[in-house]
Amino acid sequence: MDVDDCGPKILYAQPAYILRGHSAQIHALHFIADNKYLISGDADGWVIIWDMPIKRPVGVWQAHRGAILGINSWPGSESDQGDRIITHGRDNKLRVWQLAQDDISRLAIKLPADAEPADSRQPWLLHSLTVNALNFCSFAISISPGSLTSSKTSNDAPPDVLVAVPGVQDGYINITSLPAEQRFATITDPKDIKTGMVMAIGLQTESGKLKVIAGYESGYACVFSQQDGSSNWQAIYTHKSHTQPVLSLDIAPGLNYFYSSSADEIITRHPLNEGSSATKTLQTKHAGQQSLIVRSDEKIFATAGWDGRARVYSAKTMKELAVLKWHKEGCYALAFATIGESKSSNKLDGDALAVKRNLTVAEQRVQKVQSTHGLAAGSKDGKISLWDVY
Amino acid sequence: MPLLGPNMESRNQAFQALKPQCVALSQAALTANGQARSFSTIIELLERLKGTVFKLSVPGLLDAKLADYIFFPLSQVLKLSNRLTIRCLELSLQCLAALVAHGWRQNIEPQLAAQIVILCTLMAERKPKGFAFDESTDELQAASLHCLHHVFDAAGRSPSCQASFVSEANFPQLGQTITVVLKGISDAPSLEPQLAATEALEALTDGVMTKEACTSFLPGLVGNLTKVLTPTTKQRRNHQVLIGCMNIFTNLVRKTLSDESTSGKRLESSKTTEFVASKGWEETAAKKLEPALRSIMCLQSHPRDDVTGALAKLCLTLLEYCRKSLADCSAPAIEALLSLSLPEDQSSVRMELERLVGADSTLCEQLQTVVYDKLRSLPTAMQSSDEQLKMRRIEQVQAAYELLNDIGADNSILDKVLASALRDSVVITLQASRKSSDVISTHSSSVQSMDLTNLDGNRWSTEYGQSMVTYKGQAGVLDRIESFVRIVSKSAASSALVADTSRSLRLSEGDTQLADFWLLLIVKQSATQVSDVVTDFLDLGDHDASPPTEALEEIYAFALSVLNSTSNDDASPDARMCSLALRTVALRAQHAGKDFRYELIDALYPVLHSLATPEDVLQRDSTTTLTIIAQACEYSSVRELIVENVDYLTNSVALKLNAFDISPQAPQVLLMMVSLAGPSLLPFLEDTIDSIFAVLESYHGYGLLVELLFRVLAVVAEEGAKAPALVEGAKKALAAAGFAEEDALRPISIANVAELLKEKAMEEMKTNAYGSSVGEGHPKRPWKDPEQSDDGTRDGEQDEEDAQDQQIDDADVPPPAPKTYQILFKITELTQHFLPSASPSLRTNLLSLTRTTVPAIARHENSFLPLINTLWPEIVSRLEDEEMHVQAAALDTVAVLCEHAGNFMRSRIVRLWPLLLEMHARLVKEILFTGYGAGKAGYKEQETHKPGAVALVSHNNGLHNAVARLESSPVDYTNTNLRLLWTALVSTITASVRYVAPSPDNFDEALDMLAPVLEQEDIRQALEKENADAVWLARIRSGALAHPVVPLVPAGCQWAFAMVAG
């Protein structure tokens, strides 16, 4: 694509495709199944599964009665049978759906934008938790620290996960384990600072230890962890770099950083551990960075801005690499296609020579799409723009 | 023994018949002494004799003895030859020939034969010496040559005779004879002697002359024969002569120079040392023969099959028998054979050639060299202006290549030059066209020629026309090249060709790239066909199928880039390039079948894009491609193809427009999409429409573009207004307008007053009667349905909610089908900025666009009414447009607004009223002025007015008539605008009366203005609804109705009151 020609200078490109179909703002985007599908959720609670090779919806249902706050997949649940995805809605519900490959073909594909869709068939609902949904804070998910060992014994079942959502009280975070649906922890805000509401949460499990990262209304970002042996959660890092509420944060565990964006003009890179370098801020000169996401290879991250632009930054230097402008209204959600060796692409690489010529047109398409380093940006206008970047 | 029984008898009869004649002839000959009379007797006798001899010339009748007998008088005659007339000689020679042929035959005596040969040789000359005449005639020459033919024929069968002929002693005479005969062939003025000479020589060389004799006379023979066989512009040889000479040549060559004979002779030569032929001689002979043969090869283009057949024989002989001795001649012979084997019916030649080449590797190499040279020189040959020649050249190369392929030769060297030779040839052919003025393609520049009606079914052909041809001559050459490439692509060379061409395709540009693309496409096309056929029968495994697929991918990608570049670059690429690209896409589609649906995301838009180009040829190719794709993807029609994939198209168009690509194609495609896919597409077009707005904003100065974009918007509006929710809405809005009517001012009638009073009285009575029960409230809702009672509590809540909802609804009901509605609304809103545009057609279109959207937009009053407020000034200002049809359109728009906004328009109409009056006055003047008022004023009156109806006030009779004439006159160019405006004005006034409820004053004026058209049913009804009495009065006044006349008393009668009893 054009990207290569433009080189390192700031990119002003055309989207590769626009997905139209939502009639409300896009609030959440997530790639699943090796980038074969993109799931999008809008402010009316509708969720659409898009088949990326053909850029068409393959499943449409109303997952929540209120706006979708977040969509993510159950880590480690991917298998040949399909994925588990979790949606979080303004209707105070957190739902876990089983998306079997066979199921997808049975879902309705009538788009919300087409008219008032009738009751559509939903995927199999595994869990439906009543959780708090005060503001636009989405849930965070991580493999439960304890389940890493146990999951090995039973291969079939996906590992246990922890889901973090903001608590009813301002500044509280509730962590629930799934599938047990049991409260795992409640984290209270540090008492020495004024945090306000929890605006963004991140979970990070590293060598059996869980870290909880929170962004607050007051602009604070904190990292909590459990001191050895103790059940108390201590804030091990507290920093206020934003003057406005934090809107989004994402973790780059490999780099030992996490990034936060807020309603102001600042992007901040925070250290994840005590050891890593100090906090670094970037003044972007445009306020309202609704969503921030780090690509799986941790080389770049992107923000979705209220000015309708998605921007790509280098994860290391925080230098702006590309401005992706297409939407005329604010961008609310972002998703990176996963990069790296997934199971199926490994297989394809292995006998690529032997397999290549046997591929049908459709398979070639799928392969191409899965290897494309795409970025999806969802906007207030109900459209999702797809970009091929780096 | 042959002469027995009945034969004996018939021989006797023959003898009896001959005897008197022979006696008479010999007497005549003896007595002849130079007098003319005696010669005439001889002629007479000779003719009779000739008749008899010819009659006897059936096998078995004439024998040597009879021949001897007949010869006697003839010899007597011939003795006088130096005095005889030509006719005598001719006749006697003819008899003699018959005798030789049928009498003596092989038994002819050598001396006699020799004598006849001497005599005939003498007489066969053009200017024979020692005769009574100076110049011989054709007939005599022919007769003598004929005679020679028979003698040689006979001599060939008699060994003794033959021996004497070729004896060394006879050589001078033989030489003389050969010279004369050769001269006869080449110089005789007419066909007969030429033919006779040819036959004679053929008989001589074939039967009589030994190899030695041939060898000694070879130079002369070859020289002369070559002269005959070389085509010249001066003389056209008869084909029989040519064939004969060719056969002689063939025989000579085979006899003297064949490989066996020379090698065999070498053994002999040790014994017979006297003979001149040596290796050295052979070499010189071969050297001399070569140019001769080359010039003979020119005959290969001779139109007659038998001639070329003979030449083929000669060539085959050369190849088969003289391969070594005449090695130098192999190449030209192969070349000649190649072209000789081209015609369909000459497959035997080809088979022969194949056999020869297949059997001998040197020949094969030679053939390869020939092909190599030809390939190398092909581009040069393409520069010639002789199309036929060019085509032949290609055909030859093709034939040779095919042949080499068939025998399985290793063509790797050829394959190396193949690609470049073909490419260069194509390039040269293409470039030649540029110089030529003889261009056949006609470019129509109608961008609008996309005919949507054709999109259904499979009416479009799936056959492409010629893509590359721009002038007539090219077609043939390119056809040949194409068929050659098809041959190549079926061979092993195809991969080399593909590799070379695709490498070049990437690097080249212009015509070379075009040529590469074309060649590759052909290779792919035939390769797919082949593999289709092959895989139908055989399962070859995957390794065989993959290379074509891969290469196809490659050119498919290239094709897409070509098609996509149409829109991006300023200089649009060659139409031929696009057309090839379209073919490639179609090929890919056919190859992939239904699977190609996955590719449509990339491929469909570029194809449609090319459909919207102004070039005729490309449009045709584009439609063909669409049809092929639709078939390949198993869509029932192109329409279905487009409708099913409209989301991809939407995306492409949106991206194009978003990038401010202002080529007309994208809007064209959008236009087509919208009109095909209908209103359901509109919700997805939001941003596209926005992009159009942005483009409109930036490029508002570009009239054509703006008009095109508004045409798109108009279609969008049209389709949007069809959205089910909005159609329903429009109906409701109409009903609402009907409601407004009832609020209108109307005088209160007595009956109303009476009713009012009655009601009042009733109420009073009620209050009086039931005064006590007022305090107790009655249920405000009906009793609940027992079925619903179980959730009674919730019901109550719901009701409250409903009530709340109702309230909210009243405050701000969202419009139906919000996205579509928004689009329509925005489009309509946008028109205000373009209404003052300079283009009258745009202004009209905008107004009509507004009329389209208004009924739909009216569904949502809260946004509709402010919109009217916004648009109103612009629309009103259009009423004073300089173009009458724009005024008319503006009036129509006002009418539509009245219809849908109802009473909201009242104040506006009131303010507009003076303008309407003014327009009306102006229009009336104009109508009267332009001649509709003049002339036969009384003519209409009688027709339209009821008998007895006389206008009470006749001041506007003229106008009335004029209007009637205006409306009834045939449509022509002079009055269109006037009529348009008049109709629009009438409808506007009618609408304002019908929907807006004007003030009484305005109504009166409206009635006045509409007076001429009051008789139209709908107009009258509209007015009557408002005030029927006024209408009645107006009609009375204008005389349309017979006014109620007080019955007149018939003459002589009197009125009388009827008497009523009681």
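**A chat about chains A and B**

Author: Let's start with residues 19-52 of chain A: the end C-alpha atoms lie 10 Å apart, and the span is 0% helix and 62% strand. Helices here are DSSP runs of H or I with at least four residues, strands are runs of E with at least two, and both are numbered from the N terminus. This is a predicted model, in which local features need pLDDT of at least 70 and side-chain atom pairs count only at pLDDT 80 or more, while totals for chains, interfaces and linings use all residues. Residues are numbered from 1 along each chain as its sequence is written, chains are lettered from A and ligands numbered from 1 in the order written, and side-chain values use heavy atoms, leaving out hydrogens and water.

Reader: Where is A:Lys55, and what's its phi?

Author: A:Lys55 is in the loop between β5 (46-51) and β6 (56-62) of chain A. Its phi is near 55 degrees, a positive value in a residue other than glycine. Most residues other than glycine have a negative phi.

Reader: Is A:Lys55 buried or exposed?

Author: A:Lys55 counts as buried, at 14% relative accessibility. Buried means under 20% relative accessible area, exposed over 50%, and partly exposed in between (1.4 Å probe, protein chains only).

Reader: And A:Lys285, buried or exposed?

Author: A:Lys285 counts as exposed, at 68% relative accessibility. This lysine is in the loop between β22 (280-283) and β23 (289-294) of chain A, and its phi, near 65 degrees, is also positive.

Reader: Switching to chain B: how many helices and strands?

Author: Chain B has 44 helices and zero strands. Of its 1062 residues, 51% are buried.

Reader: How do α3 and α4 of chain B pack?

Author: Helix α3 (residues 64-79) and helix α4 (residues 86-104) of chain B pack at an angle of about 160 degrees, with axes 10 Å apart. Axes are lines fitted to C-alpha atoms, for helices over the stretch in contact, and angles run from 0 to 180 degrees between N-to-C directions. α3(B) and α4(B) are therefore roughly antiparallel (over 145 degrees; under 35 is roughly parallel, 65 to 115 roughly perpendicular, the rest oblique).

Reader: Which residues make that contact between α3(B) and α4(B)?

Author: Among them are B:Phe71 and B:Leu74 of α3(B), and B:Leu96 and B:Trp104 of α4(B). Contact means heavy atoms within 4.5 Å.

Reader: What about α38(B) and α42(B), at what angle do they cross?

Author: The axes of helix α38 (residues 884-901) and helix α42 (residues 976-996) of chain B come within 8 Å and cross at roughly 15 degrees. α38(B) and α42(B) are therefore roughly parallel to each other. The contact includes B:Leu891 and B:Cys898 of α38(B), and B:Leu981 and B:Tyr995 of α42(B).

Reader: Last one: where is B:Glu1024, and what is it in contact with?

Author: B:Glu1024 is in helix α44 (residues 1017-1038) of chain B. Leaving aside neighbours within four places in sequence, B:Glu1024 is in contact with B:Val1031 and B:Arg1035. B:Glu1024 is partly exposed, with a relative accessible area of 29%.
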